[in-house]
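Here is a short report on how some parts of a protein chain are held against one another. Look over the sequence and the model first, then read on.

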Amino acid sequence: MKNILKFAVTGLVLGCCFNANAKLTVPTFEQMPVLAPEQRHSVSCLRIFNYFTRAHYKVVTTDNAFTKKVIDRFVTYLDYNHSLYTKKEIDEIYANAPSILQGLEKCYLDYPYAVYNENIKKRYTKYKYMLSLLDKGINLNTDKSIEIDRTKAEFAKDEQELKSLWEKELINDYEVQLLNGKSKETALKRIKNRYIAAMNRVAQVSSEDVFSIFENSFATAIDPHTNYFGPVESENFNDDINLSLEGIGAVLSQEDEFTVIESILPGSPAEKSKKLKPKDRIVGVKQDNGKSDDIIGWRLTEVVKKIKGKKGTKVILEIERGDGATSKTFNVELVRDKIRLQDKEAKSKVYDSYDGKKIGVITISSFYTDLHQNVLREINKLTNQDVDAIVVDLRNNGGGLLPEGIFTTGLFIKSGPVVLVRDVNAEQTTYDDTDSAMQYKGPLVVLINRLSASASEIMAAALQDYGRALIVGDNSYGKGTVQQSRPLTRIYDLKDSHFGSIHYTIAKFYRINGGSTQLRGVTPDITLPTLIDVTEFGEKSEPNALEWDSIKPSEYDRYISAANITNIVKELEKKHNQRIAADPVFNVIKSEQERYAKLKAKKVLSINYDKRLKLFKEDEAVNLANTNTRLKAMGKDPVKNVKDIPDDFVFDDPLLKACVNIASDFSAIVKEQNIDLSAQDSTPILLKYRNEE
């Protein structure tokens, strides 16, 4: 199973023993750490408490009800899948609420650390037991089943029930390997190494990890977007916002005991070497000073610490490529450099619509420093190519810097309010685009989905309220809060003191029409299907999310009246629905939605191998048929197996294609009706819905 965390390795440096046959060893119980707070944690803790209780947008009262929320979050961090603790043990943690409260208010951290030290023992015990089961053989003929989602399941009533859960988890892990083509011998070896690697990562847990978990239990009990970042995480956050860091230029992930290269950044030392490829495994690193480390089984965060380094320094990576007997190892020497994360920069491309028009698409993946300048650059590129309309693709854009949301929105309007903000003192401020220049005056469509959040929603909402753009896609995330980052280190602290930072909510933002995007998000004018489950993604699914409300709207003039937009949307929807009615790719999307809904409704999954194999083959057949449908739509030959498709193959994006066609129809209406998109609501033009045959 891959770790969900990925790191841009612009400067990650690993030390290694350069032992190509390095093997994981099972750590002993005595090697498990017994952790205690560091001296700096008492300082960080007090500063965190003061900020969260005095400066947060939400009034925080550390009473019994709030303490229970903190414990809820703490337990989630300790045992996300409810497979380590019995119900009695969990009840004991809740019964110690006064000790948790003392940890929050007075920074007496002994109890939280004691709980976590027990958690280390429990994780060790779990994996040790699962390893012992491997020696006894695995029963594939069982009639047992596992719960697909245990995050809300009841905790086990006793140790015996816990062991039963562990056994079913092991059988499932083993069967997944077999179903994916591994031999029994290879499957056993892989899951054995996985459990040993997990035990080694438990042995690497640090005091900072425990402190971070406890303080983030406090933070997320207030609201889901308030966080504590340790020193390393603070640096990573700043790198991401500024799209710049120093290193080798690779994105890493964790797969079982290995650190794997996910992708390589253009123009980076890793790319320039011409020796590294995605899926390469980094098994060791040697520093410029000669220090080496074998990093098999290391936690990804620790690997990142080793790889990251200053511009001009050298690092030698030991790479393992291939599987089994065909695998080989070799060394790659790299000189770290300053990396621009160009893959995250705004980019544009021209697409041909179904009727031959040229539609420009600007993709914005985050609202980073100086984004608006990059977007202006792309606007100029597209206008020089005489595009008929522009689509701004904000899908999967989780936001970023609020000012960039305002500046970027301002490129498409003359001037006026963009977002309203109410702070902790209930003072309302209007943030305007003050530049009267309108950088693009043509037809505009904004594409969003369930993962478009925060600054993305500010931009989409403002352009929708102005009647400046049509919003297409799925309802957005619903994050209507503003966060501020603040370092915990003070200028009077000792040199080289690092106390991390906090990211906390200081305000809520509102649309210029007065409504909040909090919880509700931005509703598109034209809805496109999505495979994202609305019950699993979005602010509504987050514990302790702030409530929706509204404030007094701002004064503004629309570019296209609301009535006119309504009629335009009716016409565009009619044409869109006619196009996709018999579209095989949209039928695939629909079938995928239905399959997902059925799987989720099952709640449990059999671990009888014959039953699993039957389901797996049925699923593979459907997946192959859907894949070939999409290949045929692209004019490509069908494949006999999904695995025959090259790793770097990119399927057409049906939602973007549909949006491009909608933008084309929109541009035709604008031209036909002579709509001046740079004029604000002086003489609204009302389109009549034409019932064309």
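Is aspartate 91 buried, partly exposed or exposed? Aspartate 91 is partly exposed, because its relative accessible area is 38%. Keep in mind that this is a predicted model.

Aspartate 91 has a charged partner. Lysine 87 forms a salt bridge with it, and the closest N and O atoms are 3.0 Å apart. Both residues belong to helix α3, which covers residues 87-95. They sit four residues apart, about one turn of the helix. Lysine 87 is also partly exposed, with a relative accessible area of 35%.

The whole structure contains 33 salt bridges. Two others involve helix α12. In one of them, arginine 377 pairs with glutamate 345, with 3.8 Å between the closest N and O atoms. Arginine 377 lies in helix α12 (residues 371-384), while glutamate 345 lies in the loop between β10 (337-340) and β11 (347-352). The pair therefore ties together parts that are 32 residues apart in sequence.

In the other, the side chains of lysine 381 and glutamate 378 meet, at 3.4 Å from N to O. These two residues are three apart in helix α12, so about one helical turn separates them. Salt bridges that share partners join Glu345, Arg377, Glu378 and Lys381 into one network.

How open to the surroundings is each member? The cut-off for buried is under 20% relative accessible area. The table lists the four residues.

| Residue | Relative accessible area | Class |
|---|---|---|
| Glutamate 345 | 15% | buried |
| Arginine 377 | 32% | partly exposed |
| Glutamate 378 | 3% | buried |
| Lysine 381 | 41% | partly exposed |

Arginine 377 is partly exposed, and so is lysine 381.

**The disulfide**

Which cysteines does the disulfide join? It links cysteine 45 to cysteine 107, with an S to S distance of 2.1 Å. The structure holds one disulfide. The torsion about its S-S bond is about -95 degrees, so the disulfide is left-handed.

Cysteine 45 is in helix α1 (residues 39-54), and cysteine 107 is in the loop between α4 and α5 (110-134). The bond therefore ties together parts that are 62 residues apart in sequence.

Both ends are hidden. Cysteine 45 counts as buried because its relative accessibility is 1%. Cysteine 107 counts as buried at 10%. Another cysteine, cysteine 659, is buried as well, with a relative accessible area of 0%.

**Two crossing helices**

Now turn to helix α2 (residues 64-78) and helix α4 (residues 97-105). At what angle do their axes cross? They cross at roughly 90 degrees, and the axes come within 10 Å. Angles of 65 to 115 degrees count as roughly perpendicular, and α2 and α4 are therefore roughly perpendicular to each other.

Which residues make the contact? Helix α2 contributes Phe66, Thr67, Val70, Ile71 and Phe74. Helix α4 contributes Ala97, Ile100, Leu101 and Leu104. Eight of the contact residues are nonpolar, one is polar and none is charged.

Note on methods
Residues numbered from 1 in each chain as written. Predicted model: local features only at pLDDT ≥ 70, side-chain atom pairs only at ≥ 80, totals over all residues. Heavy atoms only, no water. Axes fitted to C-alpha atoms, helices over the stretch in contact; angles between N-to-C directions. Parallel < 35°, antiparallel > 145°, perpendicular 65-115°, else oblique. Contact = heavy atoms within 4.5 Å. Nonpolar A, V, L, I, M, F, W, Y, C, P; charged D, E, K, R; others polar. Disulfide = S-S within 2.5 Å. Buried < 20%, exposed > 50% of the residue type's maximum accessible area, 1.4 Å probe, protein only. Salt bridge = Lys/Arg side-chain N within 4 Å of Asp/Glu carboxyl O.
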